[in-house]
Amino acid sequence: MRSVSDLSRRRTIATFAIGAIAAGLVGLAVGLPLALTHRQDFPFERRYGDFAVSAVSRVLGGNAANPVANDRNAIDAGRVAYTGSCAVCHGAKGDGRGMFGPSTYPDATDLTAATVKEKTDAQLFWIVRSGLAFTAMPAFGDQYKDRQIWEMVAYIRHLQQGSASELSIPQPTAAQLAIADASGDRLARGAAVYFAQGCHLCHGPAGDAPGDLSIRRRPDTEVVRTGADRGMPAYGRDQISDAELDDLQAYLVQLATASTSRD
């Protein structure tokens, strides 16, 4: 038979274990919500974060060379894709000073910093393709083909060298944004899709982006579904439904007509 002291000891251990588990659960219940308010770095947090990203991207990214590293046309295409999908956070110059870059936590990475320059093309490719959890960095593997991501990496390298020419995309005015209304008529609904999906980030709020990003002819909705060679991502039905695409088509035709008349 167990002694009274042995039973008492076991009860004490069990009580302590239950208490520790309960305290841990309470800590999680309180601590996790408070973690959402975390906006300042703990000591060495940034260094650890970069170490973790570097280690994971080195292991999972492999050591493949960029197949379009010195292709001028590929770099130009990468500039278009970067402007539409990356500049809003990382900035047109890659300095992390985009529209939303400084306001996220952690803030958008300065792509011209030494820690980024030290990463291989394969690491940057993996980061762009896969994204990073617990940061504002999304995964673009579903939006862009692998070749297009390599083009973006090639353009980032040119930004780091200070030799890349940036695209200046007009910013939407309050009046232009006011046109968008998901519950309005066809053109208003199309405008809502246009701005919500970030089309204006590449093509400009009125289709008035520079060069061949300008909307000057009747748009082909098939390009929206399949993407294009110059950095245009593909939008599946989970992002833009057929009905929304029909509304978007009407709005794009209006932009194209207005753009042509301006010429």
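I count as a polar contact a pair of N or O atoms within 3.5 Å; within protein, one must be able to donate a hydrogen and the other to accept it, and residues adjacent in sequence count only if both atoms are side-chain atoms. This is a predicted model: local features need pLDDT of at least 70, side-chain atom pairs count only at pLDDT 80 or more, and totals for chains, interfaces and linings use all residues. Residues are numbered from 1 along each chain as its sequence is written, and side-chain values use heavy atoms, with hydrogens and water left out.

**His90.** I found a side-chain polar atom of His90 2.9 Å from the backbone oxygen of Thr109. His90 is buried (under 20% relative accessible area; exposed is over 50%, partly exposed in between; 1.4 Å probe, protein chains only), at 13%. It sits in helix α4 (residues 87–90); helices are DSSP runs of H or I, at least four residues, numbered from the N terminus.

**Contacts.** I took contact as heavy atoms within 4.5 Å. Beyond four places in sequence, His90 touches Tyr82, Asp95 and Met137, among others. Tyr82, with the same exclusion of neighbours within four places, meets residues including Leu111, Met152 and Leu159.

**Cores.** A nonpolar core is a set of buried Ala, Val, Leu, Ile, Met, Phe, Trp, Tyr and Cys residues joined through side-chain atoms within 4.5 Å. The largest has 22 residues, and Tyr82, Tyr144 and Met152 have the most contacts inside it. Helix α7 (146–161) gives the most to this core, eight residues. I also noted a second, separate core of 15 residues, including Phe195 and Ile215.

Definitions and conventions:
Helices (H or I, at least four residues) and strands (E, at least two) are DSSP runs, numbered from the N terminus.
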